[in-house]
Amino acid sequence: MLELGAFAGGDAMSRFIIACGGTGGHLSPGIALAEALLARGHTVTLFISHKKVDTRLVEKYPHLSTVRVPSAPFGWRPDVHLRFHWKQAQGLLFSRRFVRTFRPDAIIGFGGFTNAGVVLAGRLRGIPVALHEANRVPGLAIRVLSRFATRLYLPPGVRLPGIRGVLVRHTGLPVRAEITRRPRDEARARLGLDPAQKLLVLLGGSQGSGNLNHWAEQNLTALAHEGIQVYCVTGLGKGREGVRELHDKSGQIVRSSFVAFSDRVGELLSAADLVLSRAGAGTLAELVRCETPAILIPYPHAADNHQQANAIYFEQQGGGLVVADHALAGLRQEVLDVVFNDWLLNKFRTNLHRMARENSIEHLVHDLEELAAGTPPSGHLRTTPAASAP
């Protein structure tokens, strides 16, 4: 961990702060961008939260400089609301001290409750701020803080009306370098999975999903009977971990695994025939990178119903299907219809391969280098004048 007032020096071209804590969907792309900037000689510090998911994820990246900023999620309940404002005030004071010491050339925020203090601190000192929104419905943090930004990165086709003085770029979400498509048999061997049986992977997002975990438990015997092994990532503190041994209709052993957390996402998605998942933008970007078909079950209580919008776009692009959370009773038959339909799975993979062609990290890094250096923006990313957005 990097303490306030102590940071890496050297001959780096620019200094960046990346605010990305609070959820895996914010932190994972922040890590991906940090590694890309470091590879080009820049100095980078990640602003993360005190949540367990942040601690667990950054453990794998000891070479990255991180600081934990005081923060708390927004909510309208009186005690939550009061805590939010108190922590944000602490975060602003912390960020002002850190910015004054670290002297960044640019600040990048990935949304969420760790962004506000450092974005405001940067604006007060005249430091250019870039914000990245991965969801197809921009979140509250991005909507509020965009007025302080110089750059705003949005998914292709998404607009944010009513903002002025911001250069809007359209690009995808950075994905960590180790999350990439691997040969299926190699991935299964590394994970200790049967190479011959179908594999269904369940992902509930960085927080886990009680509904999906419960569905897996309820349907495990029936899926095993059809020869389908299950690998369920339950989320920290949710669900019972361990390996379950059942039998298929011919008496062969079918082993299924329940784990709280996985830092081997590339291998897991490469090994899967089909994924059942919530529809956070980070997960969808990883599915696209690994070209893994999915049935998406959007979290129905997500802010502004953004997971529903994400899932519909994924389905429209041909990466998989969408099933509503209230329709889980019919999900098992949907899974059976898809996982044994090799033609359909290959069609999904072909579409996902097309979706994966854009290298968003390379584009972002070059654009951020221009921003930090004060260079007039070039045209290597799709640009939309924010003031004319419908």
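Biologist: At 39% relative accessibility, how does Arg97 count: buried, exposed or partly exposed?
Modeller: Buried means under 20% relative accessible area, exposed over 50%, and partly exposed in between, with a 1.4 Å probe and protein chains only. Arg97 has 39% relative accessibility. Arg97 therefore counts as partly exposed.

Biologist: What kind of model is this?
Modeller: Residues are numbered from 1 along each chain as its sequence is written, and side-chain values use heavy atoms, with hydrogens and water left out. Local features need pLDDT of at least 70, side-chain atom pairs count only at pLDDT 80 or more, totals for chains, interfaces and linings use all residues, and the model is predicted.

Biologist: Which helix holds Arg97?
Modeller: Helices are DSSP runs of H or I with at least four residues, strands are runs of E with at least two, and both are numbered from the N terminus. By that scheme Arg97 lies in α3.

Biologist: What separates the C-alpha atoms of Arg97 and Ala121?
Modeller: Arg97 and Ala121 are 24 residues apart along the chain. Their C-alpha atoms are separated by 8.7 Å.

Biologist: How are α3 and α4 oriented to each other?
Modeller: Axes are lines fitted to C-alpha atoms, for helices over the stretch in contact, and angles run from 0 to 180 degrees between N-to-C directions. The axes of α3 (residues 78-102) and α4 (residues 116-124) come within 8 Å and cross at roughly 45°. Angles under 35 degrees count as roughly parallel, over 145 as roughly antiparallel, 65 to 115 as roughly perpendicular and the rest as oblique. So α3 and α4 are oblique.

Biologist: Which residues of α4 make the contact with α3?
Modeller: Contact means heavy atoms within 4.5 Å. The α3 side consists of Gln88, Gly91, Leu92, Ser95, Arg96 and Val99. The α4 side is Ala116, Gly117, Val118, Leu120, Ala121 and Leu124.

Biologist: How many residues of the contact of α3 with α4 are nonpolar?
Modeller: Ala, Val, Leu, Ile, Met, Phe, Trp, Tyr, Cys and Pro count as nonpolar, Asp, Glu, Lys and Arg as charged, and the others, Gly among them, as polar. The contact holds four polar residues and one charged. The nonpolar count is seven.

Biologist: Is the crossing of α9 and α10 left-handed or right-handed?
Modeller: A crossing is left-handed if the near helix is turned anticlockwise from the far one by less than a right angle, and right-handed if clockwise. The axes of α9 (residues 281-290) and α10 (residues 306-316) come within 10 Å and cross at roughly 20°, so the two are roughly parallel. Their crossing is right-handed.

Biologist: Which residues of α10 meet α9?
Modeller: On the α9 side the residues are Ala281, Leu284, Leu287 and Val288. By class this contact has six nonpolar, one polar and no charged residues. The α10 partners are Asn310, Ala311 and Phe314.

Biologist: What is the packing angle of α7 and α11?
Modeller: The axes of α7 (residues 210-225) and α11 (residues 331-339) are 11 Å apart. The two helices pack at an angle of about 50°.

Biologist: Which residues of α11 meet α7?
Modeller: The crossing of α7 and α11 is right-handed. From α7 come Trp215, Asn219, Ala222 and Leu223. From α11 come Leu331, Arg332, Val335 and Leu336.

Biologist: What is the phi of Asp304, which is not a glycine?
Modeller: Asp304 sits in the loop between β13 (294-296) and α10. Its relative accessible area is 45%, partly exposed. Its phi is positive, about 60°.

Biologist: And what is the relative accessible area of Asn305?
Modeller: Asn305 also has its place in the loop between β13 and α10. Its phi is positive too, about 55°, although it is not a glycine. Asn305 is partly exposed, at 38%.

Biologist: How far apart in space are Leu131 and Val168, C-alpha to C-alpha?
Modeller: Leu131 is in strand β5 (residues 129-132) and is buried at 0%. Leu131 and Val168 are 37 residues apart in sequence. In space, they are apart by 9.6 Å.

Biologist: How many disulfides does the rule count?
Modeller: A disulfide is a pair of cysteine sulfur atoms within 2.5 Å. The closest cysteine sulfur to that of Cys290 is in Cys232, 18 Å away and too far for a bond. The count comes to zero.
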